[in-house]
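Please look over the model shown here before reading on, and keep it open while you work through the points below.

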Amino acid sequence: MKKDKFKYVLIGISLLFVVLMLILPMITVIYNAFSAGIEKYKNAVFDTYAIKALKLTLTATVVAVVINTVFGLFASWLMSKFDFKGKNILATLIDIPFAISPVIAGLVFILTFGRIGWAYGILQKLNLTIVFAVPGIILATIFVTFPFISREILPVLNSVGKDEEEAAALMGASGFTIFRKITFPHIKWALLYGVVLCSARAMGEFGAVSVVSGHLRGKTNTLPLHVEILYNDFKITDAFAVSSVLVILAVIILITKNVIEYKSKKA
């Protein structure tokens, strides 16, 4: 009986926390987004700058997810299937984005590729611009989402071991065949889960992107930065309207995450 009571107390505390910290803020965003009417909402969401900010957000997210997926697969396979010097150092380096502030990451890019950076002269000769341009946004997004996919795949590969791959290799299977027939079926749900987490983090990134963007409307503003500009301009309703787009995207990602979790458990 005492155990059951304690269980219900924990359930109550968890539900209260979720309602206060997640559900109520989301309801507040949606309510304020439509507080001035549907026409005002549509004008804010379909504003030229909002559309451009959404496109840049999605572009940076897609590029970051693709690059981090490729890197995550290679790094996880390397660390789980091979022994080499510096393995622990590589694992530590991959975790760096978890340990440092995104703002510091943005400053690092400015100190590297900005006017005072050591690479600025090289970029000028190549006629390339990183800081205060779209490439800087993409690089910052890649950096902050760097570990998500590899850290989802690596534990699965470590738990599976190498016996199946080694047996297939002894039977003459090629590396690609081994990956397609043996490795990938084991990691597919972890990979999808990592992609979902990476996408969610990329779409909501603010700190690093804010530092390297320069806040150029219609050029380097992502959706979170556009919300900040609207809020600072005292366009509160517009800010909530654009924020609701991020909320909708977050709900879609949450549903996708739950579906993947359900299917992975069922599998």
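The expected span of a helix is 1.5 Å times one less than its number of residues. With that rule in hand, consider helix α6, which covers residues 102–113 and has twelve residues; from its first C-alpha to its last it reaches 16 Å, close to the 16 Å expected at 1.5 Å a residue. Please bear in mind throughout that this is a predicted model.

**The overall fold**

- The secondary structure of the protein consists of 14 helices and zero strands, so that reading from the N terminus gives the order α-α-α-α-α-α-α-α-α-α-α-α-α-α.
- Among contacts in the protein between residues at least 6 apart in sequence, 73% join residues that are at least 24 apart.

**Confidence in the model**

- The mean pLDDT of the protein is 88, and 99% of its residues reach 70 or more.
- Within the protein, confidence is lowest in helix α10, residues 163–170, where the mean is 79, and it is highest in α8, where the mean is 94.

**Helix α6 and what covers it**

- Which residues of α6 are buried? They are A105, G106, F109, I110 and T112.
- The cover over the buried residues of α6 includes α7 (120–125), α8 (134–144) and α12 (207–213).
- An α-helix has 3.6 residues a turn, so residues three or four places apart point the same way.

- D238 has its place in helix α14, which covers residues 236–266.
- Is D238 buried or exposed? D238 is buried because its relative accessible area is 14%, and the cut-off for a buried residue is under 20%.
- When its neighbours within four places in sequence are left aside, D238 is in contact with K40, A44 and L230.

**A36, in a loop between two helices**

- A36 is found in the loop between α1 (2–33) and α2 (38–45).
- A36 counts as partly exposed because its relative accessibility is 46%, a value that falls between the limits of 20% and 50%.
- Although A36 and I236 are 200 residues apart along the chain, their C-alpha atoms are separated by 10 Å.

**Two phenylalanines with a positive phi**

- Most residues other than glycine have a negative phi.
- F132 is not a glycine, and yet it has a positive phi of about 60 degrees; F132 lies in the loop between α7 and α8.
- With a relative accessibility of 45%, F132 counts as partly exposed.
- F234 is likewise a residue other than glycine with a positive phi, here near 65 degrees, and F234 lies in the loop between α13 (223–232) and α14.
- Why does F234 count as exposed? F234 is exposed because its relative accessible area is 73%, and the cut-off for an exposed residue is over 50%.

Definitions and conventions:
Residues are numbered from 1 along each chain as its sequence is written. This is a predicted model: local features need pLDDT of at least 70, side-chain atom pairs count only at pLDDT 80 or more; totals for chains, interfaces and linings use all residues. Side-chain values use heavy atoms; hydrogens and water are left out. Helices (H or I, at least four residues) and strands (E, at least two) are DSSP runs, numbered from the N terminus. Contact means heavy atoms within 4.5 Å. Buried means under 20% relative accessible area, exposed over 50%, partly exposed in between (1.4 Å probe, protein chains only). pLDDT is the predictor's confidence in each residue, from 0 to 100.
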